[in-house]
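Here is a protein model to look over together.

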Amino acid sequence: SLHLLLGKEGARLSRKKSDLSTEIKEDKMSHQVNFFDSSTITPSVAQEGVESRNEDNEADSALEELKSSLNPEMLLSNNSQLASLSLNHSQNEWFVKLFSSQDAENSWGQIAQGICAVDCDQVSQKYVVQVNDTKDRRLLWHQNLESYSKLSRKEDCVIVWTFDEISSIAFNFADQFTAQSFMEIVSNALILLNGYSQPTQTEPSCCFPSVSFENLQSISNEIQFVKQGAKEDLSVRILEQETFLPSLCRMFDAADKNNHLKLHIQTLGTIFKGLVSLQDPMILKILLSDENYLSFFGALEYETAVKYKKPIKHRDFFQKEVHFKQFVDIGDDLLLSRIHLSFRLGYLRDNALSYSLDFQTINAMNVILVTNSNSIVATVFENEGFLTRFFMKLRIAEVQRDGLKMIIELLQMMKTIAPERREEYVRLLIELQLFPIIGETMAQKRAESAEDLADMSSMIDIMMTVLTFLPDSVKTFLICEAQQ
């Protein structure tokens with residue numbers, strides 16, 4: 001890519017650098033690595049081979065100086081002047097392993113290994129992603145970038161290019177930095193192909209692509225490649241369009257039922273995954289609402305298919321495996337929505353996207369969960385009528401098991417609230433005869449029954465948690481029991 005820009009002198013220096021690079025030991029290039037394994041051939045291999053040579057230092061220095069003066073992003077900013085943009089990392093080379101999947105089961109097979117580059121033809125203005133052999137630079141694989149091309153990042157070092165419902169190509173790079181740089185350059189190319197400018201932090205774009213199947217790739221690019229500092233601005237722009245998120249969910253419903261639209265499903269999954277990474281509480285609340293959560297998790301089923309070989313049935317889990325139980329009728333719609341949000345967000349963090357969430361997103365989810373849990377606990381303990389009905393029903397043996405589980409959940413949520421407030425809530429449970437109910441129930445249980453053992457374990461958990469929160473109360477109760 002430097003030849004056209006530097007002229008003959010640049011070409012001569014580049015050829016000298018190429019000659020030195022090809023002397024890398026072959027055994028360093030041939031070690032086997034499994035797909036999705038980040039321990040691929042590292043860029044330092046090429047660097048070691050070059051640095052071991054002491055000749056032509058002057059040529060190396062001159063070439064490096066020329067290369068450092070070129071800004072790839074500047075080249076991308078002018079479509080007519082861009083002849084060839086090479087993806088180079090460490091000695092102007094990026095090593096990649098290329099894998100292909102040609103069936104619905106997403107079984108991957110390696111098809112190439114070499115140096116990855118993105119080139120632009122000056123005449124046709126076509127962008128081409130290509131992989132060349134590490135020795136003789138012969139072309140091993142290439143594919144044109146189109147405005148509708150669908151590339152998504154699946155792991156730190158893995159980029160997947162999806163062509164249709166069953167055909168995909170995966171790029172396994174040497175490290176996270178390399179993969180991120182590749183995605184940024186491809187993103188810039190897609191932005192030029194789609195004919196719009198990438199938003200910046202200082203001058204945010206006011207126009208967000210409207211929700212339609214034709215604009216899905218543009219929406220995916222906007223969300224997937226947003227910079228960390230611009231996430232808040234992007235979230236505001238999304239939330240300003242009140243129908244944006246619900247419309248995406250309805251689009252998935254339509255694509256999931258229509259074979260002609262199924263090509264869009266994985267792009268929708270990538271969009272929903274990107275929306276989670278924006279770390280906005282209101283966006284998560286809308287996506288996990290009663291109206292949208294099944295569509296949201298349904299899209300993630302297809303997004304995770306590349307990682308797990310086949311879709312994970314998140315919707316089956318919510319519709320068939322778990323059931324929401326009200327030990328006592330809550331009668332508070334806001335409290336119910338908070339309970340559902342906590343459960344669904346916990347499932348999203350620990351199961352649906354556990355393999356791909358970064359620390360910032362996990363921390364943002366934890367903040368939402370803690371805030372929500374504190375609101376649930378406060379609402380329950382400030383409703384005296386609810387607690388009275390709860391403890392009256394807790395004495396009924398047939399339904400007692402569910403009541404004990406609810407007490408355990410409340411005590412777990414109390415761990416994050418202020419100690420003074422937590423002590424107040426625990427004393428209220430004791431005043432409502434928590435200890436006598438546990439004592440009477442424990443005396444009726446038999447260790448031979450598996451169900452009785454489970455109930456005894458729950459009651460012991462309650463007592464141990466109360467002992468941690470308010471040890472004097474347990475001591476006083478045990479002394480009174482011994483005196484009686």
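**Pockets and cavities**

Q: How do you know what volume to give the largest pocket?
A: The volume of the largest pocket is about 1,100 Å³. A volume is the space filled by probe spheres set on grid points, and those points are joined across faces, edges and corners. Please keep in mind that this is a predicted model, where local features need pLDDT of at least 70, side-chain atom pairs count only at pLDDT 80 or more, and totals for chains, interfaces and linings use all residues. Residues are numbered from 1 along each chain as its sequence is written, and side-chain values use heavy atoms, with hydrogens and water left out.

Q: What makes a space a pocket or a cavity?
A: Both are found on a 1 Å grid over the protein atoms alone: a cavity is a set of points where a 1.4 Å probe fits but cannot get out, while a pocket is an open set with protein on both sides within 12 Å along at least five of seven lines. A residue counts as lining if it has an atom within 4 Å of a point. By that rule 35 residues line the largest pocket, and Phe324, Ile339, Phe343, Glu409 and Met413 lie nearest its centre.

Q: Which helices each supply at least two residues of the lining of the largest pocket?
A: They are helix 15 (333-352), helix 16 (359-381), helix 17 (384-394) and helix 18 (400-413). Helices are DSSP runs of H or I with at least four residues, strands are runs of E with at least two, and both are numbered from the N terminus. Counted like this, the chain has 22 helices and eight strands.

Q: How many cavities of 30 Å³ or more are there, and what lines the second largest cavity?
A: There are five cavities of 30 Å³ or more. The second largest cavity has a volume of about 60 Å³, and its lining includes Lys150, Thr162, Gln217 and Thr270. Strand 6 (150-155), helix 7 (216-224) and helix 10 (265-277) each supply at least two of its lining residues.

**Burial and contacts**

Q: Why is lysine 273 called buried?
A: Lysine 273 has 14% relative accessibility. Buried means under 20% relative accessible area, exposed over 50%, and partly exposed in between (1.4 Å probe, protein chains only). At 14%, lysine 273 therefore counts as buried. Across the chain's 484 residues, 47% are buried.

Q: What is lysine 273 in contact with, leaving aside its neighbours within four places in sequence?
A: Contact means heavy atoms within 4.5 Å. Lysine 273, placed in helix 10, has contacts that include Arg153, Lys154, Glu303 and Tyr355.

Q: Which residues does methionine 456 contact, leaving aside its neighbours within four places in sequence?
A: Methionine 456 touches Met442 and Lys445.

**Salt bridges**

Q: How do you know that glutamate 301 and arginine 315 form a salt bridge?
A: The rule asks for a side-chain nitrogen of Lys or Arg within 4 Å of a carboxyl oxygen of Asp or Glu. For glutamate 301 and arginine 315, the N to O distance is 3.0 Å, and the pair counts. This pair links distant parts of the chain, with glutamate 301 in helix 12 (residues 293-303) and arginine 315 in helix 14 (residues 314-321), 14 residues apart. Glutamate 301 is buried, because its relative accessibility is 2%. The model holds 15 salt bridges by this rule.

Q: What distance lets aspartate 133 and arginine 138 form a salt bridge?
A: Their closest N and O atoms are 3.9 Å apart, and this pair counts too. Aspartate 133 is buried at 14%, whereas arginine 138 is partly exposed at 47%.

Q: Are arginine 349 and aspartate 350 buried or partly exposed?
A: Arginine 349, at 24% relative accessibility, is partly exposed, and aspartate 350 is partly exposed at 43%. Their side chains meet in a salt bridge of 2.8 Å, N to O. Elsewhere, shared partners join Asp133, Asp136 and Arg138 into one salt-bridge network.

**Strand pairing**

Q: What makes strand 2 and strand 3 a pair?
A: Two strands pair if DSSP finds at least two bridges between them. Strand 2 (residues 95-101) and strand 3 (residues 109-120) have six bridges and run antiparallel.

Q: How many bridges join strand 3 to strand 4?
A: Six bridges join strand 3 to strand 4 (residues 127-132), again in the antiparallel sense. Here aspartate 119 stands opposite valine 128 of strand 4.
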